[in-house]
Amino acid sequence: MTQSIRPLVKFLVLGVLLVSCAKTTTPVVQDPLLKDPMVYTHWETFNVEQGLPHHLVFAVKTHGSDVYFGTENGVAITNRKTKTWSTLPPESKPGANDGVAYKVVTSVDIDEDGDAWFGTFKGLTHWDGETFTNYRWPEGQDPKDPNPKGLINNVVYGVTHLGDDIWIATTDGTSQYNKKSGQWKSWYLNNAPMEETWCYGIAATKEKIWLAAWGSGLMEYVVADNHWNAYHDPDGSFTVDLLRNDGMLSMMSTSASANDEGIVWAASYFGASRYDGKNWRDWDEDHGIPSNFLNSVKAHGDAGWICTDKGLAGFQNEQWYTYARVEEDGESYGTITIADADGKNGKVYRTETSIPQNFVWWVDFDEDGGIWVATSDGIAHGT
């Protein structure tokens, strides 16, 4: 049975169309939209037939010519230039260090040395291209231990790096591991402003760590100050946003991502928020995004990308670009909906190819301008 990556996640049967348009009335994308860097009109898809070890793909990370995928059954790597595929097997038994810590791989990061780090449901894996080293929670270790010897918890949802430090978001707090000294540090209720300890998403900029925690909103760790700041939902309501753009849309955070200028995007189960250091902007399914159920966000340059259970949406220059797959009359095609900053006045365009499914988990970008989309039924590469 497929394991849920998150409590309350419902793997929906996605027959929902973003726009109900007859095939004959949906225009094909033409100039000048073809020159818009947010518009992807050609999609190629990859699944188990092409080299994925499982159709359910939770994470994607690009690094040079290589693209890494975290799936329900291990790691896959494809080289964009040679178009070759390889897989990394799960560990044969706990402690063997002959493969990835567990088959369910939720997150991938590549550090400054080019080493890969994989978050799994049963620990963290470091792979330098030849050797696997797996890290787990030392049985009996207290999450408040000031001198931890390992992970704070084995269920890893997110991993990122800042210099030599590897940051790991788990189901019971966050761990910090220095790859040079081998020292661990735990962030928990006793030393971080967490209301709950279920940490989902984690991202790094040059000077900060951004952490999305279920029930704790968005947390910011400032390295120079060795200090956490917490951003909460001012409304204090789980279901209603009383005042738009007043702060975090919801405390139920699931993902965070920031660009080099410090603009951070945060995802929740009730919509998306963006913070530029002074001002907040919030969006929900009535104001631009296809669904309130968000799996992750990705800051990419000036744009923000939202991964939902009803398609992929990108925001740039006060416009929303939403990608979806449509199936009707025995055939499938893609749609791009372009709307204003509030999700209004949308125009729908048709593409002959599309993402393989509308349940989108993760997105990343390669150095040639391509987009890679992880879904519940394979990978899409858009150009």
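Helices (H or I, at least four residues) and strands (E, at least two) are DSSP runs, numbered from the N terminus.

## Basis of the description

This is a predicted model, in which local features need pLDDT of at least 70, side-chain atom pairs count only at pLDDT 80 or more, and totals for chains, interfaces and linings use all residues. Residues are numbered from 1 along each chain as its sequence is written, and side-chain values use heavy atoms, with hydrogens and water left out.

Strands are said to pair if DSSP finds at least two bridges between them. Four strands form an open sheet in the order 18-19-20-21, and their pairing is antiparallel. Strand 18 (253-258) and strand 21 (280-283) are its edge strands, each pairing on one side only. From one strand to the next the twist averages 15°; for such angles, axes are lines fitted to C-alpha atoms, for helices over the stretch in contact, and the values run from 0 to 180 degrees between N-to-C directions.

Within this sheet, four bridges connect strand 20 (residues 271-275) to strand 21 in the antiparallel sense. Serine 273 has aspartate 282 of strand 21 opposite.

Strand 28 is joined to strand 29 (residues 371-375) by five bridges in the antiparallel sense. Opposite phenylalanine 365 stands isoleucine 371 in strand 29.

Strand 8 (residues 123-127) is largely enclosed by the rest of the structure, because five of its five residues are buried. Buried means under 20% relative accessible area, exposed over 50%, and partly exposed in between (1.4 Å probe, protein chains only). Cover is present on both faces of strand 8: Gly123, Thr125 and Trp127 are buried on one side, and Leu124 and His126 on the other. In a regular strand, side chains alternate between the two faces of the sheet.

Strand 8 pairs with strand 7 (residues 116-120) over five bridges in the antiparallel sense, and a hairpin of two residues joins strand 7 to strand 8. Alanine 116 stands opposite tryptophan 127 of strand 8. Strand 8 also pairs with strand 9 (residues 132-135), antiparallel and over four bridges. There, tryptophan 127 has phenylalanine 132 of strand 9 as its bridge partner. The hairpin of strand 8 and strand 9 has four residues between the strands, and glycine 129 in it takes a positive phi near 105°.

## Two buried residues

Asparagine 47 sits in the loop between strand 1 (43-46) and strand 2 (57-63). Asparagine 47 counts as buried because its relative accessibility is 14%. Contact means heavy atoms within 4.5 Å; not counting residues up to four places away in sequence, asparagine 47 touches Leu52, His55, Asp377 and Gly378.

Glycine 74 belongs to strand 4 (residues 74-79) and counts as buried, at 0% relative accessibility. Leaving aside neighbours within four places in sequence, glycine 74 contacts Pro53, Phe69, Leu88, Lys103 and Val105. The C-alpha atoms of glycine 74 and valine 57 are 9.6 Å apart, and the two residues are 17 apart in sequence.

Most residues other than glycine have a negative phi. Lysine 83, in the loop between strand 4 and strand 5 (85-88), has a positive phi near 60°. Lysine 83 is exposed, with a relative accessible area of 60%.

Asparagine 226 also has a positive phi, of about 50°, although it is not a glycine. Asparagine 226 is placed in the loop between strand 16 (217-222) and strand 17 (227-231) and counts as partly exposed, at 45% relative accessibility.

## The largest pocket

On a 1 Å grid over the protein atoms alone, a pocket is an open set of points where a 1.4 Å probe fits, with protein on both sides within 12 Å along at least five of seven lines; lining residues have an atom within 4 Å of a point. Grid points are joined across faces, edges and corners, and a volume is the space filled by probe spheres set on the points. The largest pocket holds about 980 Å³ of space.

Its lining consists of 40 residues, of which Lys61, Asp109, Thr160, Ala204 and Lys298 lie nearest the centre. Strands that each supply at least two lining residues include strand 2, strand 6 (105-110), strand 14 (199-204) and strand 28 (360-365). The largest share, six residues, comes from strand 10. The lining divides into 17 nonpolar, 13 polar and ten charged residues, where Ala, Val, Leu, Ile, Met, Phe, Trp, Tyr, Cys and Pro count as nonpolar, Asp, Glu, Lys and Arg as charged, and the others, Gly among them, as polar.
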